[in-house]
Amino acid sequence: MKAVIAGGTGFIGRALVRSLTGDGHEVVVLSRRPSGNPPAPGVTYAPFDGATGDGWLRHLDGAAVLVNLVGENIAAGYWTAARKARLRQSRLDAGAAVMDALRRAADPPPVLVQGSATGFYGDRGEALVDEAAPAGTGFLAELARNWEASTAGAEALGLRRAVARTAVVLGAGGGALPRMLAPYRFFLGGPLGPGTQYFPWIHLADEVAAIRLLMEHPQASGPFNLAAPGAITQDSLARALGRALGRPAVLRAPTLLLRLALGEMAQELFLNGVRAVPAKLAQLGFVFRFPDIGTALADILRAGGRSHG
């Protein structure tokens with residue numbers, strides 16, 4: 001199989017590329033700086049050119065799937081108006097480039113996997129939220145909704161399109177977990193805000209396996225929640241992180257302090273919550289290797305956990 005991956009140099013993308021090449025598949029990674037990536041067996045780097053597919057159009061010929069994971073990291077900086085505009089535009093530009101290439105390709109791939117996030121649902125309290133739930137409100141919900149819509153036209157071209165609404169991905173060597181663990185290492189860890197808000201998460205190995213299911217399963221279309229079935233609250237997460245490191249988890253970060261320090265970002269990333277359930281993955285028979293947070297953290301923190309994905 002030949003797979004073309006936009007966003008293949010990010011935390012999730014790198015793990016997906018390793019998984020595919022490890023099984024002998026050919027991978028084309030679209031990158032804004034293709035010459036800056038280290039060579040890897042089975043991987044070709046191609047230039048990703050703004051909102052057009054000019055630099056990589058030929059790579060779509062004969063490909064089985066195109067995966068679009070492109071989008072600036074939502075947690076990489078304070079949410080100024082300019083930063084929020086960049087977060088939005090990075091996703092819209094990538095979607096425009098994907099659609100431009102698919103319309104112009106002589107032999108386009110029959111499958112598109114489009115990235116998204118469980119932030120699509122907004123703040124949902126304690127309700128169980130499956131893929132049938134409508135979009136929520138707030139910046140992250142709008143961002144995810146626009147991200148998904150950027151490639152919705154692929155279905156009119158006759159492609160099977162699956163949307164990966166991804167939870168917070170936990171894994172070694174990147175993503176959110178190193179920053180989550182840092183205060184615990186200095187005995188400063190604890191729940192964020194009230195602690196009752198739900199925290200959707202997924203182990204990196206399960207994230208990669210789920211994306212591959214969306215790539216390969218002929219009945220995988222529409223949105224899918226890529227979130228572990230063991231949904232937890234911030235209180236439960238804090239206890240699990242403390243146990244994993246052998247540290248206390250009693251220093252709660254007050255809601256007011258989080259809002260003063262991080263503004264809108266604090267509310268949307270840390271104080272809101274969604275109890276996302278992977279209903280459609282279950283319907284396709286997907287089995288999570290790490291369905292609960294304790295075993296997931298134990299695996300990641302073991303020396304061997306770095307090899308997963």
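This briefing covers salt bridges, a surface patch, a pocket and some backbone and distance features of one predicted model. Local features in this predicted model need pLDDT of at least 70, side-chain atom pairs count only at pLDDT 80 or more, and totals for chains, interfaces and linings use all residues. Residues are numbered from 1 along each chain as its sequence is written, and side-chain values use heavy atoms, with hydrogens and water left out.

**Terms for location**

- Helices (H or I, at least four residues) and strands (E, at least two) are DSSP runs, numbered from the N terminus.
- Buried stands for under 20% relative accessible area, exposed for over 50%, and partly exposed for the range in between, with a 1.4 Å probe and protein chains only.

**Salt bridges**

- Side chains of opposite charge can pair when their charged atoms come close.
- A salt bridge is counted when a side-chain nitrogen of Lys or Arg lies within 4 Å of a carboxyl oxygen of Asp or Glu; the count by this rule is ten.
- One of them joins R88 and E142, at 4.0 Å from N to O. R88 belongs to helix α2 (residues 81-104) and E142 to helix α3 (residues 139-149), so this pair ties together parts that are 54 residues apart in sequence.
- R88 is partly exposed at 24% relative accessible area, and E142 is partly exposed at 29%.
- R161 and E155 form another salt bridge, with 3.1 Å between the closest N and O atoms. R161 is buried, with a relative accessible area of 8%, whereas E155 is partly exposed at 44%.
- D299 is paired with R302 in a salt bridge of 3.0 Å, N to O. D299 is buried, at 2% relative accessibility.
- A network of salt bridges links D23, R212 and E216.

**Nonpolar surface patch**

- Patches consist of residues with over 30% relative accessible area and no salt bridge; like charges are joined within 9 Å, and nonpolar side chains (Val, Leu, Ile, Met, Phe, Trp, Tyr) within 5 Å.
- F186, L188, V250 and L251 make up a nonpolar patch on the surface, with about 450 Å² of accessible area together. Accessible areas come from the Shrake-Rupley method with a 1.4 Å probe, and for residues only the protein chains shown count as cover.
- V250 sits in the loop between α6 (234-245) and α7 (255-262), and V250 is exposed at 65% relative accessible area.

**Second largest pocket**

- On a 1 Å grid over the protein atoms alone, a pocket is an open set of points with protein on both sides within 12 Å along at least five of seven lines, and lining residues have an atom within 4 Å of a point; a cavity is a set of points where a 1.4 Å probe fits but cannot get out.
- The second largest pocket holds about 190 Å³ of space. Grid points are joined across faces, edges and corners, and the volume is the space filled by probe spheres set on the points.
- Its lining has 13 residues, of which G8, R14, V17, A40 and Y45 lie nearest the centre. The elements giving two or more residues to this lining are α1 (11-22) and β3 (43-47).
- With four residues, α1 gives the most to the lining of this pocket.
- By class, this lining has seven nonpolar, four polar and two charged residues. Ala, Val, Leu, Ile, Met, Phe, Trp, Tyr, Cys and Pro count as nonpolar, Asp, Glu, Lys and Arg as charged, and the others, Gly among them, as polar.

**Backbone and distances**

- Most residues other than glycine have a negative phi, and most peptide bonds are trans.
- F187 has a positive phi, near 60°, and lies in the loop between α4 (177-185) and β9 (198-199).
- T52 is in the loop between β3 and β4 (65-68) and is partly exposed at 30% relative accessible area. T52 and V98 are 46 residues apart in sequence, and their C-alpha atoms are 7.5 Å apart in space.
- A238, in helix α6, is buried with a relative accessible area of 2%.
- A152 lies in the loop between α3 and β7 (160-166) and is partly exposed at 34% relative accessibility. From A152 to A253 the C-alpha distance is 40 Å, at 101 residues apart in sequence.
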